[in-house]
Amino acid sequence: MVRYTITADDGRERSFDRCAEHGKPFEELLGEPAPEPPADQPAAEPKKTGRPRRRTRVMTVDEINKEKAKGGS
C-alpha cells in the first residue's frame, strides 16, 4: 500500500491509500518512483491524531446501586 495526498491550490487536501494496481495512474503522473528508505531505518509511521480514548468504568449491578444510593454518578 502507498499513501497518496492530493492538495488543491486553495488548500483543500485529501489522502488515501492505494495498492500497486490502483496506484498505477498516480505513479505514471509522478514519474520516477520514490527512493526506498534505507534497510537499517524503519519507514515512518503515520502520525496519530486525536485524543487517547478513555475506558468506560466497568461496574457490577451492586456497585451501581451503591453509587445511586449515595447520590454519586
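The structure is a predicted model, in which local features need pLDDT of at least 70 and side-chain atom pairs count only at pLDDT 80 or more, while totals for chains, interfaces and linings use all residues. Residues are numbered from 1 along each chain as its sequence is written, and side-chain values use heavy atoms, with hydrogens and water left out.

**Exercise 1. Confidence and order of the elements**

Solution. 

Step 1. Helices (H or I, at least four residues) and strands (E, at least two) are DSSP runs, numbered from the N terminus.

Step 2. The confidence of the predictor in each residue is given by pLDDT, from 0 to 100. For the protein chain the mean pLDDT is 83, and 88% of the residues reach 70 or more.

**Exercise 2. The hairpin**

Task: Determine how strand 1 and strand 2 are arranged and what lies between them.

Solution. 

Step 1. Two strands pair if DSSP finds at least two bridges between them. Six bridges join strand 1 to strand 2, and the two strands run antiparallel.

Step 2. Together, strand 1 and strand 2 form a hairpin with five residues between them. In the turn, G11 has a positive phi of about 100 degrees.

Step 3. A positive phi also occurs just after helix 1, where G31 takes a value of about 85 degrees.

**Exercise 3. The aromatic pairs**

Task: Describe the ring pairs that involve F16 and state which residues form one aromatic cluster.

Solution. 

Step 1. A pair of aromatic rings is described by the distance of the centres and the angle of the planes. Rings of Phe, Tyr and Trp (its six-membered ring) pair if their centres lie within 6.5 Å; planes under 30 degrees apart count as stacked, over 60 as edge-to-face and the rest as tilted. By this rule there are three aromatic pairs.

Step 2. One of them is the tilted pair of Y4 and F16, with 6.5 Å from centre to centre and 35 degrees between the planes. Y4 lies in strand 1 (residues 2-7) and F16 in strand 2 (residues 13-18), so this pair ties together parts that are 12 residues apart in sequence.

Step 3. Relative accessible area (1.4 Å probe, protein chains only) is read as follows: buried means under 20%, exposed over 50%, and partly exposed in between. Y4 is buried at 8%, and F16 is buried at 13%.

Step 4. The ring centres of F16 and F26 are 5.5 Å apart and the planes stand at 55 degrees, so this pair is tilted. The pair links distant parts of the chain, F16 in strand 2 and F26 in helix 1 (residues 20-30), 10 residues apart. F26 is partly exposed at 24%.

Step 5. Y4, F16 and F26 form one aromatic cluster.

**Exercise 4. The salt bridges**

Task: List the salt bridges found in the whole structure and state whether R3 and D17 are buried, partly exposed or exposed.

Solution. 

Step 1. Side chains of opposite charge can pair when their charged atoms come close. A salt bridge is a side-chain nitrogen of Lys or Arg within 4 Å of a carboxyl oxygen of Asp or Glu. The search of the whole structure finds three.

Step 2. R3 forms a salt bridge with D17, with the closest N and O atoms 2.9 Å apart. This pair links R3 in strand 1 to D17 in strand 2, 14 residues apart, and R3 stands opposite D17. R3 is exposed at 54%, whereas D17 is partly exposed at 34%.

Step 3. D10 forms a salt bridge with R12, the closest N and O atoms being 2.9 Å apart. D10 is exposed at 55%, and R12 is exposed at 59%.

Step 4. K70 forms a salt bridge with E67, at 3.6 Å between the closest N and O atoms. K70 is exposed at 65%, but E67 is buried at 16%.

**Exercise 5. Burial in the chain**

Task: State what percentage of the protein chain counts as buried and whether helix 1 lies largely in the open or is largely buried.

Solution. 

Step 1. Of the 73 residues of the protein chain, 5% count as buried.

Step 2. Among the 11 residues of helix 1, the number buried is one, so helix 1 lies largely in the open.
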